[in-house]
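Here is a short report on a predicted model. Keep the structure in view as you read.

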Amino acid sequence: LCRLPEPLSFLDALPNVTNANGAVFFASPFSWMEEYTPRELWLTPEGLESAMRSRGFSLERAAPEPVLIRDHARKFQFIVSHGMLFRKVG
């Protein structure tokens, strides 16, 4: 999410590709960078929850989510992202 140039445009598409009662899960460290996303488009976890609510989703669960990123054969990054599980209402 935090590497998309227009994250809200991505969220706009979710209601059309998610079944009724379908789930959408985000695991994001919310580590925005201006080289990917203009600062005025950055979201916080609260902002994401609000944006998803306005698109017909409810937050079911939020919790820290460990993530292991493989950069190459001998380098890995361990981070703890903010996991958020949303359910499409109706």
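## Salt bridges

Glu 60 and Arg 87 form a salt bridge, and their closest N and O atoms are 2.9 Å apart. This pair links distant parts of the chain: Glu 60 sits in strand E2 and Arg 87 in strand E3, 27 residues apart. Glu 60 is partly exposed, at 44% relative accessible area. Arg 87 is partly exposed too, at 26%.

The structure holds five salt bridges. Another one of them joins Asp 12 to Arg 55, with the closest N and O atoms 2.7 Å apart. Here too, distant parts of the chain are linked: Asp 12 belongs to helix H1, while Arg 55 lies in the loop between H2 and E2, 43 residues apart. Asp 12 counts as partly exposed, with 43% relative accessibility.

Glu 34 also pairs with Arg 39 in a salt bridge, the closest N and O atoms being 3.6 Å apart. Glu 34 is exposed, at 52%. Arg 39 is partly exposed, at 48%.

## The buried side of H2

Helix H2 spans residues 45–53, and its Leu 48, Ala 51 and Met 52 are buried. They lie on the same side of H2, because they cover an arc of only 95° around the axis. An α-helix has 3.6 residues a turn, so residues three or four places apart point the same way.

What covers these buried residues? The cover includes helix H1, strand E1, strand E2 and strand E3.

## A nonpolar patch

Leu 68, Phe 76, Phe 78 and Val 80 make a nonpolar surface patch of about 450 Å². Strand E3 gives the most to this patch, with three residues. Val 80 is in strand E3. Val 80 counts as exposed because its relative accessibility is 53%, and the cut-off is over 50%.

Conventions
Residues numbered from 1 in each chain as written. Predicted model: local features only at pLDDT ≥ 70, side-chain atom pairs only at ≥ 80, totals over all residues. Heavy atoms only, no water. Buried < 20%, exposed > 50% of the residue type's maximum accessible area, 1.4 Å probe, protein only. Helix = DSSP H or I, 4+ residues; strand = E, 2+ residues; numbered from the N terminus. Arc of directions from axis to C-beta. Contact = heavy atoms within 4.5 Å. Patch = residues over 30% accessible without salt bridge, like charges linked within 9 Å, V, L, I, M, F, W, Y side chains within 5 Å. Areas by Shrake-Rupley, 256 points an atom, 1.4 Å probe, with all protein chains shown as cover. Salt bridge = Lys/Arg side-chain N within 4 Å of Asp/Glu carboxyl O.
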